[in-house]
Amino acid sequence: PDNPSDGPVAVITGASSGIGAATARALAANGYRLALLARRTDRLEQLAVELGGDAVAIAADVTDRGAVVAAAERVRQKLGAADVLVNNAGVMLLGPFDSSQREEQRRMVEVNLLGAMTATEVFLDQLRTGSGGDLVNISSVAGRTARAGNAAYAATKWGMNGWSEALRQELQPAVRVTVIEPGAVATELTDHITDPTAKQASEQFYEQLAISAEDVAGVIAFAVTRPRRMTLNEILLRPTGQP
Ligand code: NDP
């Protein structure tokens, strides 16, 4: 951070709900100062108030590079250079792979994969400033296993894993790269599925065994607070009982 007497600065994309919001709370509890990015500013502002003085809510759609650049400037001004970037913004629009799902497929690539790439290239200078940065990419079990009905979503998460492994080698030791691969987590993720059959199947599956966003947030906070001589490269976690 620019002011070394203050805590490190963490930027979270998709901080308005689910894993992103829980991670903001977990990192704040560990002394981090938070920049909360997403589109729903009412949610972000509420969370910023809850976290207290040092948290900043910033409207930014990760598919809009101009908005991400403006957000990075605001972070530098308000908090100083970012020490941690959590690429968490994502959508899971499950459904059969056909033309009826074309919009959903493209949106997942735009948000989950290209959005993470944009946020990373924009914030990279900040992560490289200071005593050492952390890049945390929220992938998924779907980044290591593919199933019928999740082709495009799996493509974005497999893509994120390959991209992250290359970045791990390229950016270390200045920036540590950690990939988090959660199984089912109870959040708003399934709300946005447009295919009725896929939505119903997902909701049923999640009702049976999802863990909480706080469970995942605790793992993320643990990873970034390890001594800098070590990196947790990849963390795969599932609700106990998930196939
Ligand atoms: P939520 O739907 O609760 O959260 C998704 C977040 O992404 C929201 O804050 C949303 O904010 C944000 N977001 C969506 N589109 C954009 C965009 N274009 N620009 C900026 N922010 C955006 O779901 P989760 O917390 O579950 O999802 C978070 C991440 O975790 C995702 O990458 C997901 O793939 C991953 N994941 C989730 C699992 C689960 O079972 N829940 C399992 C494995 C991985 P807003 O709408 O305000 O912009």
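Reader: Let me start with a helix: what do the buried residues of H2 pack against?

Author: Helix H1 (18–29), strand E2 (33–38) and strand E3 (56–59) are the partners of the buried residues of H2. Here contact means that the C-beta atoms of two residues, placed from the backbone, lie within 7 Å. Helices (H or I, at least four residues) and strands (E, at least two) are DSSP runs, numbered from the N terminus. Residue numbers start from 1 along each chain as its sequence is written. Keep in mind that this is a predicted model: local features need pLDDT of at least 70, side-chain atom pairs count only at pLDDT 80 or more, and totals for chains, interfaces and linings use all residues.

Reader: Which residues of H2 are buried, and why do they sit on the same side?

Author: An α-helix has 3.6 residues a turn, so residues three or four places apart point the same way. In H2 (residues 41–51), the buried ones are Leu44, Leu47, Ala48 and Leu51. They share a side of H2 because they cover an arc of only 105 degrees around the axis, taking directions from the helix axis to the C-beta atoms. Buried means 20 or more other C-beta atoms within 10 Å of a residue's own, exposed means 12 or fewer, and partly exposed is in between, with C-beta atoms placed from the backbone.

Reader: What does the face turned away from the buried side carry?

Author: That face of H2 has the exposed residues Asp42, Val49 and Glu50.

Reader: How do H3 and H4 pack?

Author: Two packed helices are described by the angle between their axes and the distance between the axes. For H3 (residues 65–78) and H4 (residues 102–128), the angle is about 25 degrees and the axes are 9 Å apart. That makes H3 roughly parallel to H4; angles under 35 degrees count as roughly parallel, over 145 as roughly antiparallel, 65 to 115 as roughly perpendicular and the rest as oblique. The axes are lines fitted to C-alpha atoms, for helices over the stretch in contact, and angles run from 0 to 180 degrees between N-to-C directions. Among the residues that meet are Val68 and Ala72 in H3 and Ala119 and Val122 in H4.

Reader: And how do H4 and H5 cross?

Author: Their axes come within 9 Å and cross at roughly 15 degrees. That makes H4 roughly parallel to H5. The contact includes Gln105, Met108 and Val109 of H4, and Ala152, Tyr153 and Thr156 of H5.

Reader: Is Ala152 buried or exposed?

Author: Ala152, in helix H5 (residues 151–171), counts as buried because it has 20 C-beta neighbours inside 10 Å. Setting aside neighbours within four places in sequence, Ala152 is in contact with Phe97, Gln105 and Met108. Val109 is 43 residues from Ala152 in sequence, with 7.7 Å between their C-alpha atoms.

Reader: At what angle do H1 and H7 pack?

Author: H1 and helix H7 (residues 213–224) pack at about 50 degrees, with their axes 8 Å apart. That makes H1 oblique to H7. The residues making the contact include Gly18, Ile19 and Ala22 of H1, and Ala213, Val216 and Ala217 of H7.
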